[in-house]
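Student: I am new to this structure and would like a close look at a single part of it. Please show me the model before going into detail.

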Amino acid sequence: MKLATRLCLLIAGLTLTVPGIAAKDPNLKLLKARQGEMQLRAYNVGPLFGMAKGKMEYDAALASKLANNLKTQLSLDIGGAWKKGTDIEAYPGKTTSLGKIWTTYPEISEYGKKYAKAVKELAAEAGNGLDALKPKISAVGKTCKGCHDEFRELN
Ligand code: HEC
């Protein structure tokens, strides 16, 4: 084999193995995925709260779109990202998930069901005027908070 070819292979080999060596704990990706999904919820509810609080003008089309985005999110199955052993004890500073999520399972799914119900009701009403939006987004907000209060470590 020519030296140049060998060098090429060596470099190719290195670029393949270096990320392997540097590869982080794969569970970190799970934390990011579930947090990303939560961030997307926050992105969708933000303007809806803004409208309900009079901080931004009510826009029926936007309200309906964002509420339906939230509803679409309900159909995602990212259960795999909620792997046992990925709580705040194991990953301090990387997650706010309490071990309780897993030790009391399926308790958290009751909170998830209440959330899903509130989101569906929101999606049905968000485009029907500010007075229709207000109670529905407030109900959704309560279910977000209800679950966070119970299952997250928040300072
Ligand atoms: C059934 C429980 C549950 C519901 C409902 C819920 N969350 Fe969460 N949320 C969690 C848990 C658990 C975490 C911690 C995730 C982690 O760090 O592992 C979290 C984390 C978050 C985070 C922080 C993500 C990060 O980057 O660390 C945001 C933002 C968030 N949720 C927004 C929302 C919003 C907005 C809603 C409602 C529209 C909502 N959540 C509903 C359980 C819930």
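Student: What percentage of the 155 residues in the protein chain do buried residues make up? After that, please take me through the contact of H2 with H6.

Tutor: This is a predicted model, in which local features need pLDDT of at least 70 and side-chain atom pairs count only at pLDDT 80 or more, while totals for chains, interfaces and linings use all residues. Residues are numbered from 1 along each chain as its sequence is written, and side-chain values use heavy atoms, with hydrogens and water left out.

Buried residues make up 28% of the 155 residues in the protein chain; buried means under 20% relative accessible area, with a 1.4 Å probe and protein chains only. The chain has 6 helices and 0 strands, helices being DSSP runs of H or I with at least four residues and strands runs of E with at least two, numbered from the N terminus.

Now the part you asked about. Helix H2 spans residues 27-52 and helix H6 residues 130-151; their axes come within 10 Å and cross at roughly 140°. The axes are lines fitted to C-alpha atoms over the stretch in contact, and angles run from 0 to 180 degrees between N-to-C directions. That angle makes H2 oblique to H6, since angles under 35 degrees count as roughly parallel, over 145 as roughly antiparallel, 65 to 115 as roughly perpendicular and the rest as oblique.

On the H2 side, the residues that meet H6 include Met38, Val45 and Phe49; on the H6 side, Leu133, Ile137 and His148 are among them. Contact means heavy atoms within 4.5 Å. By class, this contact has 10 nonpolar, 2 polar and 1 charged residues; Ala, Val, Leu, Ile, Met, Phe, Trp, Tyr, Cys and Pro count as nonpolar, Asp, Glu, Lys and Arg as charged, and the others, Gly among them, as polar.

Notes
Buried < 20%, exposed > 50% of the residue type's maximum accessible area, 1.4 Å probe, protein only.
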